[in-house]
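This briefing accompanies the sequence and structure shown below. It moves from the overall fold to the sheet, and then to individual residues.

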Amino acid sequence: MVRLATVRSTFHARVIAARLGAEGIMVQLRGNVDGVYPMGDTHVFVEADSLEAAREVLLVDEVESAFDEPADEPSDRSPTWPRWVVLAAIIAVAALAFSRAI
């Protein structure tokens with residue numbers, strides 16, 4: 001087994017393992033896999049003869065994800081004020097006008 005990648009989270013390592021497993025590539029996770037404390041790196045290992053195929057699968061996934069649209073695109077609209085701020089401003093102006101009338 002040879003190391004393919006080192007990732008910061010167990011979740012990311014499991015996603016890689018699932019993706020490679022779907023392509024028939026045997027994967028072994030080492031490091032912080034099922035530890036009590038979720039700290040430390042997780043290493044993804046594959047068989048030596050599957051290393052190039054695994055790299056290709058990950059590269060193809062990375063290239064395809066570059067064409068995905070971002071989920072949280074910033075809007076060009078001006079920020080909308082919450083209703084309670086507008087209502088508070090109206091009440092403040094009305095109270096000011098009422099206090100001057102007295």
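**Overall fold**

Read from the N terminus, the elements of the protein chain follow the order β-α-β-β-α-α, in what is a predicted model. The secondary structure therefore amounts to three helices and three strands, where helices and strands are taken as DSSP runs.

**Chain totals**

- Of the 102 residues in the protein chain, 19% are buried.
- The accessible surface of the protein chain comes to about 8,400 Å², and carbon and sulfur atoms contribute 60% of that surface.
- Among contacts in the protein chain with a separation of 6 or more, 57% are between residues 24 or more positions apart.

- The three strands make up an open sheet in the order E1-E3-E2, with antiparallel pairing.
- Strand E1 (2-7) and E2 are the edge strands of this sheet, each of them pairing on one side only.
- On average, and with direction ignored, neighbouring strands of the sheet are turned by 30° against each other.
- E2 and E3 run antiparallel and are joined by five bridges, and Val27 stands opposite Val46 in E3.
- In general, the strands of a sheet pair through backbone hydrogen bonds, in either a parallel or an antiparallel manner.
- Helix H2 (residues 51-66) lies across E1 and E3, and the helix runs at about 30° to E1.

- Thr10 lies in helix H1, which spans residues 10-22.
- Thr10 has a relative accessible area of 17% and therefore counts as buried, the cut-off being under 20%.
- When neighbours within four places in sequence are left aside, Thr10 is in contact with Asn32, Val33 and Thr42.
- Although Thr10 and Gly40 are 30 residues apart along the chain, their C-alpha atoms are separated by 9.0 Å.

- Tyr37 is found in the loop between strand E2 (27-31) and strand E3 (42-46).
- Because its relative accessible area is 63%, and the cut-off for exposed residues is over 50%, Tyr37 is classed as exposed.
- Together with Val36 and Met39, Tyr37 forms a nonpolar patch on the surface, and the three residues have about 430 Å² of accessible area together.

Definitions and conventions: Residues numbered from 1 in each chain as written. Predicted model: local features only at pLDDT ≥ 70, side-chain atom pairs only at ≥ 80, totals over all residues. Heavy atoms only, no water. Patch = residues over 30% accessible without salt bridge, like charges linked within 9 Å, V, L, I, M, F, W, Y side chains within 5 Å. Areas by Shrake-Rupley, 256 points an atom, 1.4 Å probe, with all protein chains shown as cover. Salt bridge = Lys/Arg side-chain N within 4 Å of Asp/Glu carboxyl O. Helix = DSSP H or I, 4+ residues; strand = E, 2+ residues; numbered from the N terminus. Buried < 20%, exposed > 50% of the residue type's maximum accessible area, 1.4 Å probe, protein only. Contact = heavy atoms within 4.5 Å. Pairing = 2+ DSSP bridges. Axes fitted to C-alpha atoms, helices over the stretch in contact; angles between N-to-C directions.
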